Amino acid sequence: MMLVFSQQDFDMGTRSLLWDITKKYFTVGLIGLTVSDRYASIVSVRGSSMSPAFNPGSDTSDYVLVEKFCLDKYRFSHGDVVVFSSPSNHKEKHIKRIIGLPGDWIGTPNLDDVLKVPEGHFWVEGDNSVSSLDSRSFGPIPLGLIRGRVTHIVWPPQRMGRVEKETNQRPLSSLQDRPGFY
Amino acid sequence: MNLFGNAVRWRSIAKEALDRTAIVAKFLCLLHVANTYICTPTLVYGPSMLPTLNLTGDVLLAERVSHRLGKVGPGDVVLVRSPVDPRKSLTKRVVAMAGDKVTFVVDPRNSDRVRTIVVPRGHVWIQGDNIYASSDSRQFGPVPYGLIEGKILCRVWPLDGFGSLNH
């Protein structure tokens, strides 16, 4: 028995194959996007504002795991490293460490002032104070800008591991509002 | 023989359960992507946007494309994450963009005092249409553009208000 495939049969075959491949890619894309939005994603760290925790050398580019479970209740602790949208340009994202939470008093030596982090806001600073654009320039920023919390370094392999919470970088107090505090 | 038959039956049940779960999971992913990147319905309530929006609640359709492209401008009603409580979302109108000068009545219930502020780079000034009962930029200042989550397209419920918000 000889099977004769017409030109039309061949086109239908490749078309359905392409459709199948497109559907597969589409599904994988949807699942990947959902997981990276709701659970965790991997981002690369650029710049040296978080040296030596990330990018200790000038040419390395670390990859870190960012978890999104924290965006459910917005409960953070001092020393957490977070990814957030920049308050001056919504298209940029920064990675810095949380130094102050709502209600904390922050001492700013360069401004010779003490200020209170307002409700719903937080204060961030980079570990490498010399080359870090952070709350010392743009002030406390709303918690709603946070896009995730960094938990692990996943690349390069020699620095793989948990990201430590370094608290008490600078003396600050979490006192309640007290008149005549200073 | 009986044992073999049972094993085959369990395997086919397990396979069917897995297939059904996969379909549900894929559907939920589609829902998430549509709600986050295309458009989503939201329920809003409260007095701060009277008379545009009802006190007791409206279901609005919010699109999630324009704000990513930077196409939000003055006059748009937007969904904004609250700078005071990140777990809440607000619905307010954008009054001014970065670089604009805003003149507003600070406390219209008690005085006529007026202030003028320049909106900093990367921020927007939002106000509720009902300035007598709205907690907005007049209290918490300009908000970063990154807090905007969507632009309101139209009202879906109640049906007698169906359609665009400006009547």
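**Close-up views of a predicted two-chain model**

**View 1. Cis proline in chain B.** B:P51 sits in the loop that links strand 1 (39-44) and strand 2 (58-63) of chain B. Strands (E, at least two residues) are DSSP runs, numbered from the N terminus. The peptide bond from B:L50 to B:P51 is cis, with omega near -5°. This is a predicted model, in which local features need pLDDT of at least 70, side-chain atom pairs count only at pLDDT 80 or more, and totals for chains, interfaces and linings use all residues. Residues are numbered from 1 along each chain as its sequence is written, chains are lettered from A and ligands numbered from 1 in the order in which they are written, and side-chain values use heavy atoms, with hydrogens and water left out.

**View 2. The loop between strand 1 and strand 2 of chain A.** A:P52 lies between strand 1 (40-44) and strand 2 (63-67) of chain A. The peptide bond from A:S51 to A:P52 is cis, with omega near -5°. A:N55 belongs to the loop between strand 1 and strand 2 of chain A. Its phi is near 50°, a positive value in a residue other than glycine. A:N55 counts as buried, at 2% relative accessibility. Buried means under 20% relative accessible area (1.4 Å probe, protein chains only); exposed means over 50%, and partly exposed is in between.

**View 3. A:Y74 in the loop between strand 2 and strand 3 of chain A.** Phi of A:Y74 is near 55°, a positive value in a residue other than glycine. A:Y74 is buried, with a relative accessible area of 12%.

**View 4. A:S85 in strand 3 of chain A.** A:S85 counts as buried because its relative accessibility is 3%. Its side chain makes a polar contact with the side chain of A:R147 (3.1 Å). A polar contact is a pair of N or O atoms within 3.5 Å; within protein, one must be able to donate a hydrogen and the other to accept it, and residues adjacent in sequence count only if both atoms are side-chain atoms. Not counting residues up to four places away in sequence, A:S85 touches A:H90, A:E92, A:K93, A:L145 and A:R147. Contact means heavy atoms within 4.5 Å.

**View 5. The largest nonpolar core.** This core holds 26 residues; A:F76, A:F122 and B:V124 touch the most other members. A nonpolar core is a set of buried Ala, Val, Leu, Ile, Met, Phe, Trp, Tyr and Cys residues joined through side-chain atoms within 4.5 Å. Apart from it lies another core, of 11 residues, among them A:V66 and A:V163.

Methods
Helix = DSSP H or I, 4+ residues; strand = E, 2+ residues; numbered from the N terminus.
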